[in-house]
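Take a moment to look over the chain below before reading on. Then we'll walk through a few parts of it together.

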Amino acid sequence: MENNTSLQQQLLDAGVHFGHLRKKWNPKMLPYIFAEKKGIHIIDLNKTTEHLQEAAAALKQIARSGKKIMFVGTKKQAKEIVTECARRVNMPYVTERWLGGMLTNFNTVRKSVKKMQSIDKMLGDGSAESLTKKERLTLGRDRDKMDKVLGGIAQLGRVPTALFIIDIGHEHIALAEAKRLGITTFGMVDTNCDPNKVDFAIPSNDDATKSIAIITQYITAAIAEGLAERQAAKDEDVEEVADDEKEKKAARIQAEAEAEAGRGGAGRRPGGNSGGHGGGQKRRVGGPGGGGANRRPGGGR
């Protein structure tokens, strides 16, 4: 409870509870609105805390399973925050404009990424030196343009498992593509949006920099925990495999030693038994029977 109270205080200090004007509200946000003050809706921070922790737990599990989570925040207030947080946990991100079909036409987008990477290679290994100065400048400009839009997803090899969106109203194209592909969606939802459009809605102020920062950083910390647990599990598996290998090796060496000792014992012949048996075969018994055969009775004849 103390942790929740502390988190609520941090959310309050960051202005997460400030919504939009009443005339701009979405009636579906009614369960998350605490009150109205001077024509502005106030978001219930108890609901915000509850939904934030729920979303963080789900994202932590996704990260622990080794899947990718894409951060989407093209608003001016969110660009730097999203870029910093996504890079911290090595996740893909989009902070410039959302290209139509970035998810639904992912193969074509990957071709553009590969083209950008091939230009990087040309400029890096010196193969572009054979081009004219004008051609090199044009190539560099094209590369900068592509990097600005596609740089955040350069290492993304497949469609992400989840999207974390800042302002689902502003990023409606990204949300629609994710829904079409069945991708799990998480989003900051202000009082002017429909919370039912995302799988995990976090009722919060999506316009203030401080509000965006505290929510995004909390989510990022949860993802980092999931990645750390995944790495720890991998290390344990490696140690277990190493221990198993050591045990198998020790057992194999012991079995070989026992087999060698058995072969040595089978090849050894005891001398006492052999000598005694041989002596018994060579000994000739000259008993009374032998003498009797040569003796001729001569009494009375």
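Here is a quick tour, from the whole chain down to a single residue.

## The whole chain

First things first: this is a predicted model. The chain has 301 residues, and 36% of them are buried.

As for contacts between residues at least 6 apart in sequence, 64% link residues at least 24 apart.

## Two helices that pack

To describe a packed pair of helices, you give the angle between their axes and the distance between the axes. For α4 (residues 106–125) and α5 (residues 133–150), the angle is about 135° and the axes lie 10 Å apart. That angle makes α4 oblique to α5, and their crossing is left-handed.

Who meets whom? On the α4 side, the residues include V109, V113, M116 and L123, while α5 brings L139, R143, M146, D147 and L150. Sorted by class, this contact has nine nonpolar, one polar and four charged residues.

## Helix α3 and what comes after

Helix α3 covers residues 79–88, and its buried residues include I81, V82, T83, C85 and A86. Just past the end of α3 sits N90, with a positive phi of about 55°.

## A closer look at D206

You'll find D206 in the loop that runs between β8 (200–203) and α7 (209–267). Is D206 buried or exposed? Its relative accessibility is 1%, so D206 counts as buried.

Beyond its neighbours within four places in sequence, D206 touches H20, K75, I166, D167, M188, D190 and I212.

Conventions: Residues are numbered from 1 along each chain as its sequence is written. This is a predicted model: local features need pLDDT of at least 70, side-chain atom pairs count only at pLDDT 80 or more; totals for chains, interfaces and linings use all residues. Side-chain values use heavy atoms; hydrogens and water are left out. Helices (H or I, at least four residues) and strands (E, at least two) are DSSP runs, numbered from the N terminus. Buried means under 20% relative accessible area, exposed over 50%, partly exposed in between (1.4 Å probe, protein chains only). Contact means heavy atoms within 4.5 Å. Axes are lines fitted to C-alpha atoms, for helices over the stretch in contact, and angles run from 0 to 180 degrees between N-to-C directions. Angles under 35 degrees count as roughly parallel, over 145 as roughly antiparallel, 65 to 115 as roughly perpendicular and the rest as oblique. A crossing is left-handed if the near helix is turned anticlockwise from the far one by less than a right angle, and right-handed if clockwise. Ala, Val, Leu, Ile, Met, Phe, Trp, Tyr, Cys and Pro count as nonpolar, Asp, Glu, Lys and Arg as charged, and the others, Gly among them, as polar.
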